[in-house]
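Okay everyone, thanks for coming. Let me put the sequence and the model up on the screen, and then we'll walk through it together.

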Amino acid sequence: MIVKYQYIISYPPRREAVISMTKNALRTKFPCFRDGNALQELVYFDSAATTQKPESVLNCIQDYYLNQNANVHRASYGLASATTTQFEQARSKVQKFINAHSSNEIVWTKGATEAINMVAKTLTDTFSDKNVAQDTGRILISATEHHANIVPWQILAQKCDLAIDVIPVNELGVWDTNAALDLIGPDTKIVALGLVSNALGNINPIKPILQKAKAHGAMTLVDGAQAVLHMVVDVQDLQCDFFVFSGHKAFGPTGIGVLYGREAILTSSPVYLTGGEMVDKVDYQQSTFLPLPFKYEAGTPNIEGVIALGAAIDFIDSHRELIVQQESLLSAHLRSKLSQIPAVKLLGDEVNHIATVSFHVEGIDNFDLGTYLASNNIAIRVGHHCTMPLMKTLGISGTVRASLSCYNTIEEIDKFVVILKRAIEQLSGFPHEAVESLELKRVKVLALASKVKAAKGWDGKFREIMLAGKHLARLSDEKKTTENLVHGCESELWLICHRKSDDYLEFEADSPSKMIRGLISLILEPINGEPASYIANYNFNAHLIEIGLEQHLSESRTNGLAQAINTIKMKADTIVNKE
């Protein structure tokens, strides 16, 4: 097999292709989209985060617990033996799927993140024991890496006195290949690169970089989490030492991933996790360990996840050509539509890419766009996509990412574009600056909640939220400090608490997001200028439910409104508890 580095698309799509896309044969194989199911009306454009699951995978999971539930590699009775056989057959499927030399080179993990950490930890131990790095060792990553392929190497670098080099990108986020090659030399000890960018969808030109790294004796790891569903991967052709991917991004279940490692390297590397089923002999003083791959698989594994991943690979193998055709068509259609919207700036490689499209709209906060789209049943991702260094390099706070899969349709794209245009039109209609004094603001905001509550439909509520934000006094740059920043929000949010006489509290807040400014205005309206004890016990949930905005209090780690409420209550609690 040969790795296909170019994901060539027809641009714009042919009319006959669009017609055939209306009757999407692959979509029918995903039960979540059938009539009566929760996702039937949802436009799901977040497949880079996790894919939906075909019926064959779901049936496999159910069948395991109904008919196959037994532990593996531990017993010889019929059920356990049959389950172990199917478990190891899944390993062989992965071996063939990425063209590994041996199934011994396939190690089960919880996901790509754990697999990268396993490699980093074992290399840390190896380098520390042998003093491999010395004083001039270097690690090469790229500017487009996911945090999971940055942080483990930072920790290794700190422990082993290595330096980190970064492949630069242009203004679209495309690698500078010549600069990348120049960064590799005798001091390069590790090269860890993503084959496909999760934030931008770029298929990165890693092969010549890996070849030069190999010539200098560096260890090489490829993050294939975003690649294996969209392109044929051949680890022998890549000649990488390690390759990782997650099942849930390739139609498989969550909690299962793969670490490929060259057999000779895995054999000589130290163990990562110890316990049952990875040991050969144990006594009170010392132990010996089993050979590959069991050396790295301590404890009871995610058995149903492994078997279901095997089913997902069967699905991909059976429909590979159609998957690529569908995604090429969808990607071309979406890019064509977005390129016709003047305010939209597309990012990423224009030629070598998967069906992930990342963009931002000048002058409009990503969180506001995401909120408007979500309220119209469009599931997309906004923010930094776990690539904060990349966003900083590009000089933006984040992007809107629409990541497609073979189960999406042309009709869904057209609906998305219509709603996106409507969102841009509405959000562009509100001025960026509306600075008023706190005294004037207190008079005006008394009726904000009632106006939102009385508004008809989401568009009406959306407009009232935007208008509410105009009553929030803007903060000066001097007040927008790290100390005042509310962490855990996809858009920046600053919150300042002023303690008045008799422990009455007054809050200021600001955000580049008009939606966040409007929501925080509604949050502050009932509590600003009230005693700390009142604020500490105030039921914000009931307040938002009363005005029909309870959907903005999700448990997502990036929910800035929930984090702002926690910050407000924490400041009030601190004063109350000191009394």
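So, to start: which residue in β8 is the bridge partner of Val107? It's Leu259.

Before I go on, a word on what you're looking at: this is a predicted model, where local features need pLDDT of at least 70, side-chain atom pairs count only at pLDDT 80 or more, and totals for chains, interfaces and linings use all residues. Residues are numbered from 1 along each chain as its sequence is written, and side-chain values use heavy atoms, with hydrogens and water left out.

Now the overall picture. The protein has 20 helices and 17 strands; those are DSSP runs numbered from the N terminus, helices being H or I with at least four residues and strands being E with at least two. Of the 579 residues, 55% are buried, meaning under 20% relative accessible area with a 1.4 Å probe, protein chains only.

Four bridges join β2 to β8, residues 257-261, and the two run antiparallel. They belong to an open sheet of seven strands, in the order β2-β8-β7-β6-β5-β3-β4, with mixed pairing. Strands pair here if DSSP finds at least two bridges between them. β2 (106-109) and β4 (163-167) stand at the edges with a single partner strand each, so one side of each has no neighbour in the sheet. On average, neighbouring strands of this sheet are turned by 20° against each other, direction ignored.

There's a hairpin too. β16 (residues 494-499) and β17 (residues 505-510) run antiparallel, joined by six bridges, and Trp494 has Asp510 as its bridge partner in β17. Five residues sit between the two strands, and Asp502 in the turn has a positive phi of about 60°.

Last stop, a helix pair. The axes of α3 (residues 78-98) and α10 (residues 303-339) come within 9 Å and cross at roughly 45°. Axes are lines fitted to C-alpha atoms, for helices over the stretch in contact, and angles run from 0 to 180 degrees between N-to-C directions. That makes α3 oblique to α10, since oblique is whatever remains after under 35 degrees (roughly parallel), over 145 (roughly antiparallel) and 65 to 115 (roughly perpendicular).

Who's touching whom? With contact meaning heavy atoms within 4.5 Å, the α3 side includes Phe87, Val94 and Phe97, and the α10 side includes Ile307, Ile313 and Arg320.

Key
Buried means under 20% relative accessible area, exposed over 50%, partly exposed in between (1.4 Å probe, protein chains only).
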